[in-house]
Amino acid sequence: MKNKVSFEVRLDPDVYKKLMFVANSEGKNLNNHILHLVRTNIAYHERVHGRIKPADLEKIELPEE
């Protein structure tokens, strides 16, 4: 199994409900919908600013569980 990182996100109740509505309307669960949004945002960032280099990622520390 791949290693996964979990983190908490705090949302206004209305934003949460709208996000759930959109996820359900697209036939996704909330986690998969958020992953889709995150991957889309990363792809956009890399199109605009260039690929993120592995050396830059090594500078980021993961939270300890």
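The radius of gyration of the protein is 15 Å, whereas a compact globule of 65 residues would have one near 11 Å; the radius is taken over C-alpha atoms, and the globule rule is 2.2 Å times the number of residues to the power 0.38. The model is predicted, so that local features need pLDDT of at least 70 and side-chain atom pairs count only at pLDDT 80 or more, while totals for chains, interfaces and linings use all residues. Residues are numbered from 1 along each chain as its sequence is written, and side-chain values use heavy atoms, with hydrogens and water left out. Along the principal axes, the C-alpha atoms fill a box of roughly 40 × 35 × 25 Å.

The secondary structure consists of 3 helices and 0 strands, in the order α-α-α from the N terminus. Helices (H or I, at least four residues) and strands (E, at least two) are DSSP runs, numbered from the N terminus.

Of the 65 residues, 8% count as buried, that is, under 20% relative accessible area (1.4 Å probe, protein chains only). The protein exposes about 6600 Å², of which carbon and sulfur atoms supply 56%; accessible areas come from the Shrake-Rupley method with a 1.4 Å probe.

The largest pocket holds about 770 Å³ of space. A pocket is an open set of points on a 1 Å grid over the protein atoms alone, where a 1.4 Å probe fits, with protein on both sides within 12 Å along at least five of seven lines; lining residues have an atom within 4 Å of a point. The volume is the space filled by probe spheres set on the points, which are joined across faces, edges and corners. Of the 20 lining residues, Val5, Phe7, Ile34, Leu35 and Val38 are the closest to the pocket centre. Helix 2 gives the largest share of the lining, 7 residues.

Methods. Buried means under 20% relative accessible area, exposed over 50%, partly exposed in between (1.4 Å probe, protein chains only).
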